[in-house]
Amino acid sequence: MDSDILVSRTPTAMAAQGATGYLTIDLAALGRNYQTLASMLAPVRAGAVVKADAYGLGAERVAATLFGEGCRHFFVAQFVEAVRLRPALAREAQIFVLNGLQPGNEIACAEMGIVPVLNSLAQWRQWSETARILQRCLPAVLQFDTGMSRLGFPPEERAALAAALRNGTNVEILFIMSHLASADDIESGQNGEQFAEMSRIADEFPGFDISFANSGGVLLGDAYHGVLARPGIALYGGAPNTGEKNPMEPVVSLDVAVVQTRAVPAGAKVGYGGAHVTLGEMRLATIAAGYADGLQRSLSDRGAVYFKGIRLPIVGRVSMDSVTIDISALPEGVLTLGSLVEVLGPNQTLEDIAGDAGTISYEILTGLGDRYHRQYR
Ligand SMILES: *Cc1c(COP(=O)(O)O)cnc(C)c1O
């Protein structure tokens, strides 16, 4: 018996051999995207939004890579994400919780040195009370709603907040921020409206640094940059602005294995519901990823995968664990059990597949699931 074989049988090693899909994350490209954004922003600092496991790419690896590129400001959405990320980053790295805190996790947040974004008077009061109990000055960021009606102090809470600040507080405001609702659309009038509202807020709360731009906002120009930008999708290769040339490098590629191939006659039903009936003879392959792996069901009979640059359309409904594709464009026998087809790569961008699925790159990335073998380059 060969003990080396046994030793190599870690789950990771086993999954790598004969994996049904390979999700490749190019950390060097991630680093270059960070530098591209940093140079567009300089001297303004570029932070990084690493919420939802860095848009599905692995928050720890992504954040450590960006730290190496000089990033010191990391934004997550939820406290639990900050708790997971904190040990992976050096002390100089600050972690901000965009949604702020739920009642009950303030003490843990303070003890871990995590910075909440306060979005309302209710969150302000909780954090002030925590500072009082701990008899310490605690840091925070204030987020204002400038027209998205999602998170942040609404206009009617601003006077009370200003009064609380005037009365003295042991909450240290690191900066104030807001979020753009339409930054992906350079032409949108909402950008200017939110900018004007943010200018009013800056007048009401003078002396604070401002953070405003997400990825799309970086490309809206200097006026939107404040002192610290919060790009997310652009770091991961997504297009910051729809309809414009994407200045970012792709970071993710996805290759999925063929499970089975077959030839079918005209009139064959393909997939659930028999929703697709073949018009002529064709050859099909079933690949080992489905909607549970982020190939959304809306891709049924829409969109494609690629093999050596040849488009292989999706046929019939997307199943939970598999998708059937038309391989008639390839010579017989080219694809067999274990062959890999490209879902994301040189022939198909995130935006391409998102367009076919009727969604956005963000939802594709965050939905990719954990059954693929992940490899970091
Ligand atoms: C998600 C998010 C971002 C990052 O947005 P991208 O469009 O991915 O760059 C920035 N700020 C806030 C408040 C967010 O919620």
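Mentor: Start with Gln 135. Gln 135 is exposed, at a relative accessible area of 72%. This is a predicted model, so every value here is computed from predicted coordinates. The residue sits in the loop between α8 (121–134) and β7 (138–143). Its phi is near 50°, a positive value, and Gln 135 is not a glycine.

Lys 308 belongs to the loop between β15 (304–307) and β16. With a relative accessible area of 73%, Lys 308 is exposed.

One more backbone feature deserves a look. Ala 42 and Pro 43 are joined by a cis peptide bond, with omega about 10°. Pro 43 is placed in the loop between α3 and β2 (45–46).

β7 is part of an open sheet of seven strands, in the order β3-β4-β5-β6-β7-β8-β9. The pairing is parallel. At the edges are β3 (48–49) and β9 (210–211), each of which pairs on one side only. Two bridges connect β3 with β4 (residues 73–76), and these two strands run parallel. Within that pair, Val 49 has Phe 75 of β4 as its bridge partner.

Turn to the charged side chains. The whole structure holds eight salt bridges. One of them pairs Asp 26 with Arg 377, with the closest N and O atoms 3.5 Å apart. Asp 26 lies in the loop between β1 (21–25) and α3 (27–41), and Arg 377 in the segment after β19 (373–376), so the pair ties together parts that are 351 residues apart in sequence. Asp 26 is buried, at a relative accessible area of 15%, whereas Arg 377 is exposed, at 61%.

Glu 197 and Arg 158 form another salt bridge, and here the closest N and O atoms are 3.0 Å apart. Glu 197 is in helix α10 (residues 189–204) and Arg 158 in helix α9 (residues 158–166), so this pair ties together parts 39 residues apart in sequence. Both residues are buried.

A further pair is Arg 371 with Asp 321, whose closest N and O atoms are 2.9 Å apart. This links distant parts of the chain, 50 residues apart: Arg 371 is in the loop between α13 (361–366) and β19, and Asp 321 in the loop between β16 (310–313) and β17 (323–326). Arg 371 is partly exposed, at 41% relative accessible area. Asp 321 is partly exposed as well, at 38%. Elsewhere, salt bridges with shared partners join Arg 158, Glu 197, Arg 200 and Glu 204 into one network.

Last, the ligand. It is surrounded by 14 residues, the closest being Lys 51, Tyr 55, Ser 215, Ile 233 and Tyr 362. Ser 215 brings a polar side-chain atom to 2.5 Å from a ligand oxygen. Arg 230 has a polar side-chain atom 3.0 Å from a ligand nitrogen. Ile 233 contributes through its backbone: a polar atom there is 2.8 Å from an oxygen atom of the ligand. On its own, the ligand has 390 Å² of accessible area, and the protein covers 93% of that.

Methods
Residues are numbered from 1 along each chain as its sequence is written. This is a predicted model: local features need pLDDT of at least 70, side-chain atom pairs count only at pLDDT 80 or more; totals for chains, interfaces and linings use all residues. Side-chain values use heavy atoms; hydrogens and water are left out. Two strands pair if DSSP finds at least two bridges between them. Helices (H or I, at least four residues) and strands (E, at least two) are DSSP runs, numbered from the N terminus. A salt bridge is a side-chain nitrogen of Lys or Arg within 4 Å of a carboxyl oxygen of Asp or Glu. Buried means under 20% relative accessible area, exposed over 50%, partly exposed in between (1.4 Å probe, protein chains only). A residue is near a molecule or strand if one of its heavy atoms lies within 4 Å of it. A polar contact is a pair of N or O atoms within 3.5 Å; within protein, one must be able to donate a hydrogen and the other to accept it, and residues adjacent in sequence count only if both atoms are side-chain atoms. Accessible areas come from the Shrake-Rupley method with a 1.4 Å probe; for residues, only the protein chains shown count as cover.
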